[in-house]
Amino acid sequence: MELWSLAFKNLLRNPRRSIVTGLAIAIGYTGLNVFNGYVHQVERTLAITSIYLNHAGHFSIIKKGWFEKGLSKPRLFSLDQQDQTELSDFFRPYENDFFLKTPIFTGIGLISNGCRSLPFYIKGLERIYRTETPKAPEFIKWAVLEFKRDPKETYISFNDDDFPLMVTYNLSQLLNKKVTYKNAASLPPSRIIDCQKESEKEYLSKDPSVQLLAKSFSGGFAATDANIVSHYTVGFSFLDDISIEGPLSLTQKLYDTQSISRLIFFLKNPNSINHWKSKILPLFEKRFPKLEMVFFDDPRISPFYTGSASFLDSLTFLFILIAGISITLTIINSLTISILERSKEIGTFRALGFTNNQLAWLFGREMILLTSLSLFFGALFSVMTAFLINASGLEYIPPGASGNIPLRVSLEPQFLFISFCSFALLVLIVSYFLTKKRISVNTSRLLADS
Amino acid sequence: MIVFMALIELKNIKKTYTLGETQIQALRGINLQLHEGEFAALIGTSGSGKSTLLHILGTIDDPDEGSFTMGDQNVLSLSENEKSYLRNKKIGFIFQSFHLVPVLNIYENVELPLLIQSHLSKKERHERILQSIENVGLKDFLHHPPNKLSGGQRQRVAIARALVTHPSLILADEPTANLDSATTHKIVDLLMELNTMMKVTFLFCTHDEKLMSRVQRQIRIQDGVII
C-alpha cells in the first residue's frame, strides 16, 4: 500500500459524501468549460467576421489619420500608387507568410432606385478576395454557416460592363429591390417612372438596377448605373442598412482614382500575429512613418469585436472566479467534516509517527484524488454537453447581429487542461493549509476526542 | 547480577490542565525510571493521572515541568517533527479501543507506521508486516477488514502494528478494558511472550486488579504522584 492508495481508500469511507462533493465539482467545472466553449465560439466567430467579412484582415495598412478623415477627405488619406509600390517592395520578403494580400477601396455616396436615394458605404474588392477567402481554414472552421453560404452569388462571375454590385438585405428592402440581376425574368425596359404611383412599386421591385452617386477624387460628382447581383449580410445590423460591395476596379472608376483605402493581409498562420506585432511592426513603423499597420483586434477597425471580446473576457473571468470559489468552498466543507469525523484517527496517525506535514499531504492527496476524478468526469460531461448543444440546432440573435446564429459550443482543450491543473493546484493548496491548521492540536486531545 | 540500563528517566514531571476556570493538577512531580526489557503496569484509578503520564512518555503530550530522557536523548528539547520521528522509530502504541483504520485490512493497518519509513525496501516492509502478524497469530486474517474481527483479534492487530517498527518501548493504554476476561488473559500472555521474545519494554496502564499479579513491576499512581 502506498499513501495514494490509503488516500483513495479514505475517500471510500463515506461514498455518498465523496460522490456529492465530486458531483458539485464536476458540475461547476462542466459549467465553466461549456461557458468558456460558448465564449470561445462567439469570440472566434466575431474575430472571423471582422477579419474576413468586414475586411479587417489579420492586419491592414492605412495612411495615418484614415480612420478619422478617410471618408471625408479620401484623396489625402488614401494609399496612392507610389505608396502601393513601396509597400509591395517592403512586404515582398514575407510573401510566403500571406494567405492573401489584397487592396480595398472604401467610399461613401448615395444609392438610388430612381425614386429614393439612401446613403451607402461601399467596399471595392478584387475578385480574388471573394474566391479565396472562403477557402481560408479558419474561415471554414469558425464562420457561422449562414456566412459560408451567403452570398450565393457574387460579382466575380459578372463583367465589369454590368457593374455588378452586392447589396445588403436591409438596404435592398429599403430600396425595394427584390430581384437580382440573374433572377430578373426579363429586365423591364428603362423608362421614366412616376414615383407617386403605387403601381410603380412593383416595377421597381423587378428592376435590379440602381444608380450610384459619389464625389470623385478629382472634385466633381460622378454617377453610374449598377446592377444588384446578390444580397448579402455583413453580420452587423448597424452596417446592414448601408453596405454595398463591388469590384475594386469599378469602384475606383466611380471615384476616379487608382488609390486604395487600405491594403489587407491575411496570414497563412493566424497564430503568427504576435510575431508580426513584435518583429515586423517596428521595422514597418521605421520604414513608413506616415503609414500605419492596424491589426484586426484594434478597436478602430473592429469596434464590435474588441468591445464584445473584452466583455466576454470579463464574464469568463467572473465565471472562473465563481467556479473557483465554489470549488474551494466545497472542498473546505468536505474536508472540514472529514477532519472533524476523523480526529481520533488523526491522533492515531500522529501517535504512529506521522508528522503534521505528512498528515496534511495525506488529506491533500485525498482531495486531489477526489478533485481529479471529479474534474475528469467534469471534462467528460463538458464534451457530452457541448455535443448535445451543438446537435440541438438551437439558434439565437446576439445583440448587434443582423440575424440568427446557431448556438454552438467549441470546447478549448487548452482551457480544459489549464483549468484542470489550476483547480487541482488550488485544491491541493487549500486542503494542505486547512488540514495543517485543523490538525495542529495536541495529539492526546485528538485521541481523547469522542 | 544483571544490571538493566534505564531506557527512560522522568524527573519531577508536572502537568496541569485547565478545564474551564478550574486548574487540574494531573501530575504533581513524577520520578520514574523504565529499564530495557521491563514489563511494567501503571496502576491507578480513573483520574489518577496514568493516561497523562502515558501520553507524556509517548511524546504525544508535553509536561509543564521536569525532565524526560530516553536513552541519552533529552526528549523535551526535540521539535514536533523530531518527536514524530522518535515515536515512529522507538515507541509503539496500543489503545484501549484499538484505533484501527476501518477502510484498511489487517495487513494494511499493520503497514501504516512503515509507510513513512522510506529507508525500508518493499520486500523488507512486507517481511516485517508478515512477521508481526504472525507473531500475534493472525496469519490467516491478512485481508480481513477490522470489523470482521473480534475484539481480541483487533487488539492483536493493534499489537502487531505497534511492534512492526521494532520499537524499544510499547505503551498500552488499558489494552484489555474492552475485552472479556478470557481474551484479556490471552492478550496479556501474548504481550508477555513478545516481551520475552523481542526484549521490548512494555508499560501498560490499567485499573484491572486481576492483571497486576502477572506483571514484573507495578507502578502505582494516585492523585498525580507515584506511590
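This is a predicted model: local features need pLDDT of at least 70, side-chain atom pairs count only at pLDDT 80 or more; totals for chains, interfaces and linings use all residues.
Over how many bridges do strand 1 (residues 6–19) of chain B and strand 4 (residues 65–70) of chain B pair?

Residues are numbered from 1 along each chain as its sequence is written, chains are lettered from A and ligands numbered from 1 in the order in which they are written, and side-chain values use heavy atoms, with hydrogens and water left out.

**Chain A as a whole**

Select chain A. Its secondary structure comes to 17 helices and 11 strands; helices (H or I, at least four residues) and strands (E, at least two) are DSSP runs, numbered from the N terminus. The radius of gyration of chain A, 31 Å, is well over the 22 Å that the globule rule gives for 450 residues, so chain A is more spread out than a compact globule. That radius is taken over C-alpha atoms, and the rule is 2.2 Å times the number of residues to the power 0.38. Along the principal axes, the C-alpha atoms of chain A fill a box of roughly 105 × 55 × 30 Å.

**A hairpin in chain A**

Select residues 209–215 of chain A, which are strand 5, and residues 221–232, which are strand 6. The two pair in the antiparallel sense over seven bridges; strands count as paired if DSSP finds at least two bridges between them. One bridge joins A:Val210 to A:Ala226. Five residues lie between the strands of this hairpin, and A:Gly219 in the turn has a positive phi of about 110°.

Move to chain B, where four strands form an open antiparallel sheet in the order 2-1-4-5. Strand 2 (22–35) and strand 5 (73–74) are the edge strands, each pairing on one side only.

Select strand 1 and strand 4 of chain B to answer the opening question: they pair in the antiparallel sense over five bridges. B:Lys14 has B:Glu65 as its bridge partner in strand 4.

Then select strand 2 of chain B, which pairs with strand 1 over 11 bridges, also in the antiparallel sense. B:Glu9 is bridged to B:Gln33. These two strands form a hairpin with two residues between them, and B:Gly20 in the turn has a positive phi of about 65°.
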